[in-house]
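Please read the following report alongside the sequence and the three-dimensional view. The sections begin with individual side chains and then turn to the chain as a whole.

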Amino acid sequence: MDFQHTEDRRMLADSLNRFISEQYGFDIRDRIAKSAEGFSRDMWQRFCELGIVGAFFDESSGGFGGAGFDVAVVFEALGRGLVVEPFLDALMVGQALARSGNDGQREIIGRLIDGSEIAAFAHDEPGSHYELSRVMTRAVRNSDGWELNGAKGVVQQGEHADVLLVSARTSGDDDDGTGISLFIVPRDSAGVQVRGYRKIDGGRAAEVIFKNVKLGADSLVGEEGGGLETVVHAVGYGLVALASEAVGAMDVAKEHTLEYLRTRKQFDVPIGTFQALQHRMADLLLEIEQARSAAINAAASVGASGNDREKALSAAKYSVGHIGARVAEEAIQLHGGIGMTWELPLSHFAKRLVMIDHQLGDEDHHLARYIQIGRASSVQALAAEATASE
């Protein structure tokens, strides 16, 4: 398999990296991340004008990409710049609508691509523990459509999104894989209550409560009760995005640490000449390359389906989770006391790496998921062999 990026992807990455370095320096990013909105609408629009969101979708959805590697090159660049604009949710909501939305709902993708609309993916719930099938929010059919009740947590930019893609149970128990449906909900709908808060790694998220929210029949995305497959599809692209973002952030943390080791002196020599620090840095570089390999494998697999896809995605998320935490710790320790200061960009990269681990499932969750999928694959293989031998 050829892992070399196409010329179009390289051009996109070069344009995005250049824009971030020239227009989205750390001081600007820090001011945006701490602002009341937690992102910049002006920057969001300018990013979209570069075609960033269009790279997430294929031509049938109005984009020009849609492959895992298209997502990867964008999010690696976003990770290098610690960009806080809501690209992750644009990716997941758009992928869900591209897969299951009707013609009217798919028009939202075009508005995400041109930056005229912001969408948020409202799936996680208090107590769900990252399990995609655990949904307690309920939607009940009525004469006019649906009535929605429940709560969602950690909805990225939930305060400022124009539309929410909400998962709700239309049948079954809280943990059933079937009975989950998806709905398009305008954020300003009557009964939608949003409580926003700042995130420790910059930007904002929100808790969203739905109290007797009335929805039209056309708000249902895809088939009633068949939403879990769409959620798994969309979250898979989100995992590729986070893994790639983490690799980009690790690269910058590595570069800053190497520069510090080359310039900081003790006993009139750079501390990078000390053998103990060289060994620690060499181990760290190997770990980062391992994370990069896992992210590449996930990007190559996300367009497929089945257990191999899910194993590759969980392997990547597990890898960037524990490696990202180690990179954060080692980079700060190799910087000494200055590594902990707010004024140093490194500390912000470290926080982002730690928080990436907690989005869409932490390393413990994905390690357990990888093992579970592996066991299921083994059982299926044994069953197939037994059937073939009969």
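## A salt bridge at the surface

Glutamate 229 has a relative accessibility of 57% and therefore counts as exposed, the threshold being over 50%. In this predicted model, the side chain of glutamate 229 meets that of arginine 99 in a salt bridge, with an N to O distance of 3.7 Å. The two residues belong to distant parts of the chain, since arginine 99 sits in helix α5 (residues 87–100) and glutamate 229 in helix α7 (residues 227–263), 130 residues apart. Arginine 99, for its part, is partly exposed, at 44% relative accessibility.

## A bridge between a loop and a strand

A salt bridge also joins arginine 141 and glutamate 224, whose closest N and O atoms are 2.6 Å apart. Because glutamate 224 lies in the loop between β8 (220–221) and α7, while arginine 141 is part of strand β2 (residues 138–141), this pair ties together parts of the chain that are 83 residues apart in sequence. Glutamate 224 is partly exposed, its relative accessibility being 42%.

By the distance rule applied here, the count of salt bridges comes to 24.

At 27% relative accessibility, glutamate 76 counts as partly exposed.

The C-alpha atoms of glutamate 76 and aspartate 251 are separated by 9.4 Å, although the two residues are 175 positions apart along the chain. Another pair separated in sequence, alanine 282 and aspartate 58, lies 224 residues apart along the chain and 40 Å apart in space, from C-alpha to C-alpha. Alanine 282 is located in helix α8 (residues 275–301) and is partly exposed, with a relative accessible area of 36%.

## Positive phi values in a loop

Most residues other than glycine have a negative phi. Phenylalanine 267, however, has a positive phi, near 55 degrees, and aspartate 268 has a positive phi of about 65 degrees although it is not a glycine. Phenylalanine 267 lies in the loop between β9 (265–266) and β10 (269–270), and aspartate 268 is placed in the loop between β9 and β10 too.

## The chain as a whole

The secondary structure of the protein chain comes to 11 helices and 10 strands. For 390 residues, a compact globule would have a radius of gyration near 21 Å, and the value of 22 Å for this chain agrees with that expectation. Along its principal axes, the C-alpha trace spans about 80 × 65 × 40 Å. Among contacts with a separation of 6 or more, 73% are made by residues 24 or more positions apart.

Buried residues make up 52% of the 390 residues in the chain. The accessible surface comes to about 17500 Å², and carbon and sulfur atoms account for 51% of this area. As for charge, the chain carries 38 positive and 57 negative charges, whose mean positions are 5 Å apart.

Terms used
Residues are numbered from 1 along each chain as its sequence is written. This is a predicted model: local features need pLDDT of at least 70, side-chain atom pairs count only at pLDDT 80 or more; totals for chains, interfaces and linings use all residues. Side-chain values use heavy atoms; hydrogens and water are left out. Helices (H or I, at least four residues) and strands (E, at least two) are DSSP runs, numbered from the N terminus. The radius of gyration is taken over C-alpha atoms; the globule rule is 2.2 Å times the number of residues to the power 0.38. Buried means under 20% relative accessible area, exposed over 50%, partly exposed in between (1.4 Å probe, protein chains only). Contact means heavy atoms within 4.5 Å. Accessible areas come from the Shrake-Rupley method with a 1.4 Å probe; for residues, only the protein chains shown count as cover. Lys and Arg count as positive and Asp and Glu as negative; His and the chain ends are not counted. The place of a charge is taken as NZ of Lys, CZ of Arg, CG of Asp or CD of Glu. A salt bridge is a side-chain nitrogen of Lys or Arg within 4 Å of a carboxyl oxygen of Asp or Glu.
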